Amino acid sequence: MSTSRPESALSRALSAAACVLLALAGCDRPAARPSPIQRILESGELRVGTSADSPPLTMRDRDGKLMGLEIDLVQALGDTMNIKVRFEEIRFAGLIPALERGEIDLAVAGMTITPERNARVAFAGPYFVSGNTLLARTRELADTEDIARLDDPKLSFAALDGSTNAAFVRTQLAKAKLVLVPDNDAGVKALLAGEVDGLMSDLQVCTVARWRHPDAELYLRSVPFTTEPLGVALSPDSMLFLNLVTNYLHTLEETGVLAQLKAKWLGDSAWLERLP
């Protein structure tokens, strides 16, 4: 089962801009060392890293196939460039190192654009704004207005290793116990098993967890603690590739395709039936 793709009108809208940028690729770096965009064109393949555990942005269906808003975005980019997209599943904490080593060309995983990350890699976007929030086993905890009440050594919170959610717990809830998890699914499982008092994660991740476990009596803090602009992470070595992806995202927004994808993945829960 393949993921749905934006309509062919998108490819037509992007063709002219993409052709100009791709024609200029040779100016990106000296000929002796091909630029990332030159390597992509010569190989005919775009290598994309994703954690595949940040629904509804990136996840796997019951058949193991990738789907989600970010998957559709990247697949449309590959169609525009007329190249094959090869996804590689990498744990969230390993995505930026993989970019730095040149093992992938870009990464999508609900990644927040932060100064610290932007000092290591480039970002196109944001294409979506989320927020760090709390999913808890009690309504009292989720509805707490004073964040200081959560900074309690008796409380424990799961958070994705390497994420801004984990950084939030470390800095704002230093007295509470931080339980690092390798992926969001592990965090949800720990919460359901009663191993932690709450899951600190992005709003959309917490929302989907509640959709998937309606009988688990999970409570969501509907007003996030933070504002999290999400972007596409790219190698810092190619301004032309960054320019191409930035223009691509802008075109998606201007043509209304991005709004359609958000409505599909964020406004309609029908795709939940495809999950394991």
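A crossing of two helices counts as right-handed if the near helix is turned clockwise from the far one by less than a right angle. Keep that in mind for the close-ups of this predicted model.

View 1. Of its 276 residues, 51% are buried. Take the contacts between residues at least 6 apart in sequence: 71% of them join residues at least 24 apart. The chain exposes about 12,600 Å², and carbon and sulfur atoms supply 50% of that.

**View 2. Now zoom in on helix α3 (residues 69–81) where it passes helix α10 (residues 239–255).** The two axes come within 11 Å and cross at roughly 115°, so α3 is roughly perpendicular to α10. The crossing is right-handed. From α3, the residues taking part are D72, L73, V74, A76, L77, T80 and M81, and they meet F241, L244, V245, Y248 and L252 in α10. Sort the residues of this contact and you get 10 nonpolar, 1 polar and 1 charged.

**View 3. Stay with α3, but look at its meeting with helix α11 (residues 257–266).** Here the axes come within 9 Å and cross at roughly 150°. That makes α3 roughly antiparallel to α11, because angles over 145 degrees count that way. This crossing is right-handed too. On the α3 side you'll find L69, D72 and L73; on the α11 side, L258, L261, K262, K264 and W265. The residues of this contact split into 5 nonpolar, no polar and 3 charged.

Key
Residues numbered from 1 in each chain as written. Predicted model: local features only at pLDDT ≥ 70, side-chain atom pairs only at ≥ 80, totals over all residues. Heavy atoms only, no water. Axes fitted to C-alpha atoms, helices over the stretch in contact; angles between N-to-C directions. Helix = DSSP H or I, 4+ residues; strand = E, 2+ residues; numbered from the N terminus. Parallel < 35°, antiparallel > 145°, perpendicular 65-115°, else oblique. Contact = heavy atoms within 4.5 Å. Nonpolar A, V, L, I, M, F, W, Y, C, P; charged D, E, K, R; others polar. Buried < 20%, exposed > 50% of the residue type's maximum accessible area, 1.4 Å probe, protein only. Areas by Shrake-Rupley, 256 points an atom, 1.4 Å probe, with all protein chains shown as cover.
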